[in-house]
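Hi,

Here is the structure I promised to pass on.

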Amino acid sequence: MACKVFESLEARRDLWGTLEYLESVDETGKVVRDLAAGYKAFKQNVEKFPEMYPYSTEPRLCACGCRRARAGKYIVLYKYESGEVKVAHLFHQAQDYAKLV
């Protein structure tokens with residue numbers, strides 16, 4: 001049975017803000033499509049297999065149960081608790097997400 005995926009307000013802001021920015025600088029739209037497809041694939045995967053992605057390599061985030069998944073060139077941080085996936089943030093792979101959380 002598929003589990004529910006909930007997105008925090010911060011995660012939605014991260015995603016939509018990133019997509020808006022990319023639309024303004026990506027003339028071909030490829031980067032926008034890659035991120036959108038990667039995020040959609042992430043959501044489909046965690047609905048079926050919520051523990052498929054590894055815990056964060058950052059000890060502080062790992063200790064509180066944060067997992068990290070790739071969505072194109074972006075990292076999605078989420079938790080799986082009580083049968084629910086809670087998406088916390090989305091970061092570009094070049095960002096030091098551990099310092100930003």
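A definition to start with: rings of Phe, Tyr and Trp (its six-membered ring) pair if their centres lie within 6.5 Å, with planes under 30 degrees apart called stacked, over 60 edge-to-face and the rest tilted. Note that this is a predicted model, where local features need pLDDT of at least 70 and side-chain atom pairs pLDDT 80 or more, while totals for chains, interfaces and linings use all residues. Numbering starts from 1 along each chain as its sequence is written, and side-chain values use heavy atoms, without hydrogens and water.

The ring rule gives 4 aromatic pairs. One of them is Tyr39 with Phe42, tilted at 45° with the centres 5.7 Å apart. These two sit 3 residues apart in helix α2 (residues 30–48), so about one helical turn separates them. Helices here are DSSP runs of H or I with at least four residues, strands runs of E with at least two, numbered from the N terminus. Tyr39 is buried at 6% relative accessible area, and Phe42 is buried too, at 1%; buried means under 20%, with a 1.4 Å probe and protein chains only.

Then there is Tyr53 with Tyr78: centres 6.3 Å apart and planes at 85°, so edge-to-face. Tyr53 is in the loop between α2 and α3 (59–63) and Tyr78 in strand β3 (residues 74–81), so this pair ties together parts 25 residues apart in sequence. Both Tyr53 and Tyr78 are buried. Tyr39, Phe42, Tyr53 and Tyr78 make up one aromatic cluster.

As for the overall fold, the order from the N terminus is β-α-α-α-β-β-β-α.

Cheers

Conventions:
Buried means under 20% relative accessible area, exposed over 50%, partly exposed in between (1.4 Å probe, protein chains only).
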